[in-house]
Amino acid sequence: MRFPLALTVKIASHIVKHKVRKTPKFAMVLQLEPLHTCNLTCTGCGRIREYSTNLKDMVPLEKCLAVASECDAPMVSICGGEPLIYPKIEELVAGLREQGRVIYICTNGVFMRKKMRDYLAAIYTPAEEPKLLRLLADKLITEKEAEAIRNANEAARSKVVIRPTKWMYWNVHVDGLEFTHDLIVEREGVFKECVEAIKMAKVLGYQVATNTTVYKETDVQELEEMFKYLSSLEVDGHTISPGYEYDAAKKDMVKRLGKQPEDFFLTRKMTRQKFARIQEWGEKFTIFGTPVYQEFLAGKRELTCTAWAIPTYNVKGWKAPCYLMTDGHYDGYQEMLTKVQWEKYGVVDGVARDPRCENCMVHCGYDPSGALGTNYQSGDNWKNFAYNFGSKPKPYPASQELMKIAFNGVSIGKGHLAEAKAAINSPRAAMNGAQAAFSRKPEAEEHHHEAHAGGSCATPDTSERDALLAKIKEVKKD
Ligand code: SF4
Ligand code: SF4
């Protein structure tokens, strides 16, 4: 099965319960942002700009658990910022488990190994030695760390920790292979750290997923290589979503200067081109999401946005109407459901009800539509059932060749950030028209970004990432 049986049953019974009760709108996945602080400063990250990143601005643990109960979504995606910085992350995960929820910790991967060492220290007995030795042999922990695990004090042994369970996934943000990913996150070594964290998690029996956002300039071939490599690490599943950003200023340029929308936006047409092979990927790799959403991405059908099914809660409250756009924050989920005029959003029969929605096909707006049957076509239920209950694609065979393809950056001396920055900011790379990708725009210039991309750990400004990816492409040609 692509998704563990118990989890599939939980989600299916949640849908059936609400269908029987004829609940008009209900939550499927809660996007919980307990804080917006992050240890990275990725190119174009919208979240660390839109909200305060002060560590004082956090959703208290009790509130996090209360909002999860309030909306009663069977799945909770803990995102941010970087959720592993949240001081009560272990208690949050434990509390959500007590509530019986499926949990995704959406992380940039940097602190994952630390959290797993905490887990090992808490549970260590000599029976864990084979695992410890395996981690040592694979260089996933150091001798010093192994000793610290073996000799953990009482405080470490009684600490609440994040334990492996089929109900929880580490959901690691990976937007490309080493060269691309490290440049996007603006720190060399992050891709390698993600890979090591994934390997360690698999040794310890955790479930691991990855999430990837596709931009206008994303190289589809690189994505496929990335899936092959991640699959060879026995990652349990992948979420992939087109990025999206509405920018009124650029929209205006389309109108006034007669420019093409595709000069600025990942339009629906372009998204469909990028995702033309999504169904084939779904057969080869464990792509999460419904086949109905995959058909939508591939341009084979239309869907209506159901943003209310993946609500976002953060320091300001329930964010409406969706993960991408902020037209307001509400104190309660039901209050948001009642007060937001949902009929003003989305695209119906090719007509955008809100201009900001025009080119949006993001996972958090449309994947639930596929599961909830909002544009039901005969056979959809069977398709969804067959996809989830069908056999899980086998891991892609690991090989030296694949490793070489994946580690194409700092590991082979090509990814040093300073050199890479210089290369992509070279006059030659600049000739492709991209702006200086690493120049941070001051807050005051951050105008008109009324809807931002989603799908990764946060909401990146697609124009900045596209500028960067365009330059990366240019450099790779050399
Ligand atoms: S995109 Fe994610 S990892 Fe990067 S700075 Fe934003 S919150 Fe942090
Ligand atoms: S931006 Fe996308 S997810 Fe948000 S309301 Fe519009 S169509 Fe739905």
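Tutor: pLDDT is the predictor's confidence in each residue, from 0 to 100. This is a predicted model, in which local features need pLDDT of at least 70, side-chain atom pairs count only at pLDDT 80 or more, and totals for chains, interfaces and linings use all residues. Residues are numbered from 1 along each chain as its sequence is written, while chains are lettered from A and ligands numbered from 1 in the order in which they are written.

Student: What pLDDT does the chain average, and where does pLDDT stay under 50?

Tutor: Where pLDDT is low, the predicted coordinates should not be read in detail. Here the chain average is 87, and 88% of the residues score at least 70. Residues 431-450 stay under 50; the model has 30 contacts for them beyond four places in sequence, a contact being two C-beta atoms, placed from the backbone, within 7 Å.

Student: How many residues has the largest nonpolar core?

Tutor: In soluble globular proteins, nonpolar side chains tend to be buried together. A nonpolar core is a set of buried Ala, Val, Leu, Ile, Met, Phe, Trp, Tyr and Cys residues joined through C-beta atoms within 7 Å. Buried means 20 or more other C-beta atoms within 10 Å of the residue's own. The largest core here has 121 residues, and Val76, Ile78 and Ile103 are among those with the most contacts inside it. Helix H10 (residues 190-204; helices are DSSP runs of H or I, at least four residues) contributes the most, eight residues. Among the residues that Ile103 touches are Val76, Ile78 and Trp167.

Student: Is Gly80 buried or exposed?

Tutor: Gly80 is buried, because 28 other C-beta atoms lie within 10 Å.

Methods
A residue is buried if 20 or more other C-beta atoms lie within 10 Å of its own, exposed if 12 or fewer, and partly exposed in between; C-beta atoms are placed from the backbone. Helices (H or I, at least four residues) and strands (E, at least two) are DSSP runs, numbered from the N terminus.
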